[in-house]
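This briefing is meant to be read beside the sequence and the coordinates.

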Amino acid sequence: RSKDAGGGVFHAYEPQLHADAEERRVLEMALRRALEKGELHLDYQPVVDAASERLVGFEALLRWCSPEHGTISPAKFIPIAEETRLIGPIGEWVVRTACEEAAHWPDDVRVAVNVSPEQLHNPNFGAVVAQSLATSRLSPHRLELEVTESVFMREATSAVQALERILELGVRLSLDDFGTGYSSLGYLSRTRFSTIKIDRSFVTGASRGVPEALAIIRAVVALANSLGMATTAEGVETADELALIRVLGCSKIQGYHFGRPLPVAEARAIALRNRSATRAA
Ligand code: C2E
Ligand code: MG
Ligand code: MG
Ligand code: MG
């Protein structure tokens, strides 16, 4: 120990770096088996119409509950899956499962599924989506795929082609976390997105009166309107935020104010209740 102590100040940081790498490696090994062991499931978060507060759909959010490691956040395991190519089989399972589960909801309720760039660069992805729709008998227009701006950063042409194939199936596309990545407006005119999702950071900023956040939401809503696209505000947590987002003109809203991500049975119950409420009205 005494020999090492004089070795240099940087040594002090190595144990932490090593611990992080070790944790990643352990999680990666566990993630490799997670699918077959049935440790993955989807929760569903409500998306509502901003004006009427009517349910329009749910976003499927992947959950990993490991007996050994507990509940691991997607913010932690999705990047591991992406870097190890595990996102291929896992992403396929997500699309298939979301279609099967949503097929049991009323037919005006949509399901949104997150798709990583790596999945789009797989030439098989379109076939996976088509197959999931066919097997589940979910109408294509009820499925929405969420991609982030990062899909256009690398091999943009192949990403645009993959998105074209998906659009041909009748599936909708939305642009997730808009404004947080490397934004280029060119692809907004090349690819037909139905919805731009405004990242939670802008919603939070706007509600705290940050002028830049307000200006960005206004600009994105105006841009979406003029391109014939809808907007969803992410991360609406309070009634005040809802009121502000309405004034700013976002068409849809998602966030804890309306509901957290829910187990599939609860999501379905809400969807069914929503339908009878609408019929009665
Ligand atoms: P995302 O697609 O932007 O999903 C929204 C995230 O915001 C979710 O986090 C959701 O639980 C959280 N959220 C929603 N409303 C609120 C709110 O009012 N306040 C706060 N503080 N948070 C809110 P989650 O479930 O932890 O997912 C994180 C990210 O992981 C997702 O961000 C998405 O990028 C990724 N992800 C989740 N499931 C999948 C999946 O099946 N495939 C892929 N490729 N990525 C996924
Ligand atoms: Mg999303
Ligand atoms: Mg998002
Ligand atoms: Mg987000």
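Buried means a relative accessible area under 20%, exposed means over 50%, and partly exposed lies in between, with a 1.4 Å probe and the protein chains only. By that scale glutamate 234 is buried, at 11%, and aspartate 177 is partly exposed, at 25%.

The model is predicted, so that local features need pLDDT of at least 70 and side-chain atom pairs count only at pLDDT 80 or more, while totals for chains, interfaces and linings use all residues. Residues are numbered from 1 along each chain as its sequence is written, chains are lettered from A and ligands numbered from 1 in the order in which they are written, and side-chain values use heavy atoms, with hydrogens and water left out.

- Because aspartate 177 lies in strand β6 and glutamate 234 in the loop between β8 (230-233) and α11 (239-248), the pair ties together parts that are 57 residues apart in sequence; helices (H or I, at least four residues) and strands (E, at least two) are DSSP runs numbered from the N terminus.

**Helix α11**

- Glu241, Leu242, Ile245 and Leu248 are the buried residues of α11, and they lie on the same side of the helix because they cover an arc of only 125° around the axis, the arc being that of the directions from the helix axis to the C-beta atoms.
- These buried residues pack against α9 (200-207), α10 (211-226), β8 and β9 (252-254), where contact means heavy atoms within 4.5 Å.
- On the face turned away from the buried side, α11 carries the exposed residues Asp240 and Val247.
- Glycine 249, with a positive phi near 90°, follows α11.

**Pockets**

- On a 1 Å grid over the protein atoms alone, a pocket is an open set of points with protein on both sides within 12 Å along at least five of seven lines, a cavity is a set where a 1.4 Å probe fits but cannot get out, and lining residues have an atom within 4 Å of a point.
- The largest pocket has a volume of about 1100 Å³, a volume being the space filled by probe spheres set on grid points that are joined across faces, edges and corners.
- Its lining comprises 38 residues, with Glu59, Leu61, Asn114, Asp176 and Asp177 nearest the centre; the elements that give two or more residues to this lining include β2 (55-66), α4 (87-102) and β6 (172-178).
- The second largest pocket, of about 190 Å³, has among its lining residues Glu82, Arg85, Gly88 and Gln119.

- Of the 14 residues that line the largest cavity, Val47, Val56, Ala112, Glu144 and Lys252 are the closest to its centre.
- The second largest cavity has a volume of about 50 Å³ and is lined by Gly88, Glu92, Gln119, Asn122, Asn124, Phe125 and Val128.
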